[in-house]
Amino acid sequence: MTIRDFRYLIAVADCLNFHEAARRCHVTQSTLSIQLRKLEGYLGAECFERNRGGVRVTPAGRELVRHARELVDSFERMRRIGATFKREREQATVLAAGFSCV
């Protein structure tokens with residue numbers, strides 16, 4: 001499982017359409033479908049009912065999507081924190097490089 005897999009799960013739940021979710025995620029529909037089947041297998045629950053009439057989120061899917069949103073949100077917060085520290089470290093390096101020991 002990866003953050004990307006959780007993003008796919010959320011996209012399908014939001015769009016209720018695999019083609020549109022794949023477009024949103026910048027992948028092919030088959031890639032998205034394969035990854036979601038793997039995720040469902042790993043989690044042991046079917047997240048979506050797929051039929052000719054469209055896609056419906058299952059009760060288990062609703063709960064899993066809720067947790068996926070929390071995970072993705074937490075991951076994004078972690079990335080922002082990391083980026084902030086990286087910028088601060090780079091700024092400190094630039095400032096330190098401006099001083100000479102003559």
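Student: How many helices and strands does the protein have?
Tutor: It has four helices and two strands. Helices here are DSSP runs of H or I with at least four residues, strands are runs of E with at least two, and both are numbered from the N terminus. The pattern along the sequence is α-α-α-β-β-α.

Student: What should I know about the model itself?
Tutor: It is a predicted model: local features need pLDDT of at least 70, side-chain atom pairs count only at pLDDT 80 or more, and totals for chains, interfaces and linings use all residues. Residues are numbered from 1 along each chain as its sequence is written, and side-chain values use heavy atoms, with hydrogens and water left out.

Student: How do α1 and α2 pack?
Tutor: Helix α1 covers residues 3–15 and helix α2 covers residues 18–25. They pack at an angle of about 135 degrees, with axes 8 Å apart. The axes are lines fitted to C-alpha atoms over the stretch in contact, and angles run from 0 to 180 degrees between N-to-C directions. That angle makes α1 oblique to α2. On this scale, under 35 degrees is roughly parallel, over 145 roughly antiparallel, 65 to 115 roughly perpendicular, and the rest oblique.

Student: Which residues make that contact?
Tutor: From α1, Arg7, Tyr8, Ala11, Val12, Asp14 and Cys15. From α2, Phe18, Glu20, Ala21, Arg24 and Cys25. Contact means heavy atoms within 4.5 Å. The set divides into seven nonpolar, no polar and four charged. Ala, Val, Leu, Ile, Met, Phe, Trp, Tyr, Cys and Pro count as nonpolar; Asp, Glu, Lys and Arg as charged; the others, Gly among them, as polar.

Student: And α1 against α3, what angle do they cross at?
Tutor: Roughly 105 degrees, and their axes come within 10 Å. α1 and α3 are therefore roughly perpendicular to each other. Arg4, Asp5, Phe6, Tyr8, Leu9 and Val12 of α1 meet Thr31, Leu32, Gln35, Leu36 and Leu39 of α3. These contact residues split into seven nonpolar, two polar and two charged.

Student: Which residues of α1 are buried?
Tutor: Asp5, Phe6, Tyr8, Leu9, Ile10, Ala11, Val12, Ala13 and Cys15. Buried means under 20% relative accessible area, exposed over 50%, and partly exposed in between, with a 1.4 Å probe and protein chains only. Of the 102 residues of the protein, 26% count as buried.

Student: Switching to α3. Is Gln35 buried or exposed?
Tutor: Buried, with a relative accessible area of 16%. Gln35 sits in helix α3, residues 29–43. Setting aside neighbours within four places in sequence, Gln35 touches Arg4, Asp5 and Tyr8.

Student: What about Glu40, buried or exposed?
Tutor: Glu40 counts as buried, at 7% relative accessibility.
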